[in-house]
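Let's take a friendly walk through one part of a protein model.

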Amino acid sequence: MYIVKLDGQLIFDPRVDELKVSDLKVSLEVNTAGTFNFTIYPSHPLYDNINKLKSVVEVYQDNILLFRGRPLNDLLDFYNVKKVICEGDLAFLNDSIQRPYEYSGTVSDYLEQLIVNHNAEVAEDRQFTLGNVTVTDANDYITRADSSYPKTWETIKTKLLDLLGGYIMVRRQDGINYIDYLDDSAATSLQTIRLGENLIDVNQSREGQEIYTALVPLGATLKDEEGKEYQVDIKSVNSGLDYIYDEIAVDQYGYIFRMLEFKDITLPNNLLIKAQQTLTEAISTVTSIDLKAIDLNMLDVSIDDFRIFEKVKVESTIHQLDEYYLIKKLCLDLTNPRNNSLSIGRTYKSFTERQYDAENVIRNISKDYVKNEVVQEIKSEIQTVSSNITQEADNIRLEVAEAYTAESDFETYKSSVSTELTQIAEAFQFQFSKLVEAISTLDGDTQVQFTEIIKYIRFIDGNILLGQMNNPYIVNISNTKVSFLQNNVEVAYISNNKLYVFNGEFINSLKIGNFGFTPRTNGNLSFGKVV
């Protein structure tokens, strides 16, 4: 149930006839202030209490604060019916300006400086406190300057979000507005978006306008021994050239030049490395996905509802979607919740383009760090392991299909699959060990480059861990069982030819033995042979 408060007083409650307000709609989006619109009639007891830019408007769902902001505009019709448009708390950052400054230091300290300057210019109810900051620069040291008196929000957007990425989120706790600057979301929705259930629209686009194949990088502005200013470039470490280019990309797209400034980089070699990383990202055509789905919580309150800046699992075979996406926008209709929808966007590179990136990494390392023949040896090792994984994966699919059709006994089927997986794991671990051994003989910088390759697969204490580091979902393969972990807690495992699931919930009907039932429970479940 939704309720709305105006300066602490109820202005909308569906249970109270006197507090009738219509067309209540909330729009929340990451890195924006968000909006709340509603229509109020002259007969409402708080009709005259709405003070533009001054009043505080709060929207709650079951005692959870969804929106907090202030009235921005209102429109009156012929009958004095008032349509009110509110903007979220983040818009307070448009009330202050940043006077000319020069800054060098960490990302966290820079954002805190901006917030302190903002607080000095606004009333207490429009101030913020620095919260969690997880976005960092590669060196955890940035240089920023501005003399144009921009608004604080404009500074945050251009000096932080546009350059470092991440998300600015307002979090209200104990009456204090905290600003968090986060590189990613740690929250995951328990609801899944599935084709045929709540997925209503999918749009995918491929964008080429941001591609460039040659880059002129410029670094910080320094002074020479005579006091003259100059801007750091890469000529001294790049055979006299002030630009870099990608041969494969030039062959495919032609020369497309771009100049980019990295004002916090003072060393030519670091500037060259940063430029190569940036160019590698730029030459990959970007695919954007936008999804829209209905929140099933509106139909069944036992289903977890969607929240802004949460990750949600999306499953659609025909669209080749089967992963977690970030909820970037929520549109809520408070008077007709069935109209609620959300947009989930993510930008990623296709599999082919990621292969292209891998080739570039190897080529860049061969140019900057080690001899070509050493890199060729390591490249060969990587291709060998990749080939083996592909072949083994094909074998898994083939052998499982054959076993499924040829063996009617489920226990025998599980045993055969388990044996195949064990053999594959042993073969893969042998190849993987060879690769790690080869990498370890190289210098430290190269070893750092290749750490990215192995962060998804780890061998610890004789076990195989599958899944990205710090991901809440991990698979642990040991000699005695295969465990499925969530936040380092075992939630299911396979052992002794049996599947054990803790706190399971089954939606579809099952038949066990001669008994049929439709379970929907959170109790502990353990099954042996299923008929």
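Strand β9 and strand β12 (residues 176–182) run parallel and are joined by three bridges. Strands count as paired if DSSP finds at least two bridges between them. Helices (H or I, at least four residues) and strands (E, at least two) are DSSP runs, numbered from the N terminus. In this pairing, Leu-130 stands opposite Ile-179 of β12.

This is a predicted model: local features need pLDDT of at least 70, side-chain atom pairs count only at pLDDT 80 or more, and totals for chains, interfaces and linings use all residues. Residues are numbered from 1 along each chain as its sequence is written, and side-chain values use heavy atoms, leaving out hydrogens and water.

Now for the whole sheet: it is open, with three strands in the order β9-β12-β11 and mixed pairing. Because β9 (129–133) and β11 (167–173) are at the edges with a single partner strand each, one side of each has no neighbour in the sheet.

Angles run from 0 to 180 degrees between N-to-C directions, using lines fitted to C-alpha atoms, for helices over the stretch in contact; contact means heavy atoms within 4.5 Å.

| Helix | Strands | Angle |
|---|---|---|
| α1 (residues 107–119) | packs on the sheet, touching β9, β11 and β12 | about 160 degrees with β9 |
| α2 (residues 152–164) | lies across β11 and β12 | about 125 degrees to β11 |

Which residues of α2 are buried? They are Thr-152, Trp-153, Thr-155, Ile-156, Lys-159, Leu-160 and Leu-161, where buried means under 20% relative accessible area (1.4 Å probe, protein chains only). These buried residues pack against β8 (101–105), α1, β10 (142–146), β11 and β12. Just after α2, Gly-165 has a positive phi of about 75 degrees.

Conventions. Buried means under 20% relative accessible area, exposed over 50%, partly exposed in between (1.4 Å probe, protein chains only).
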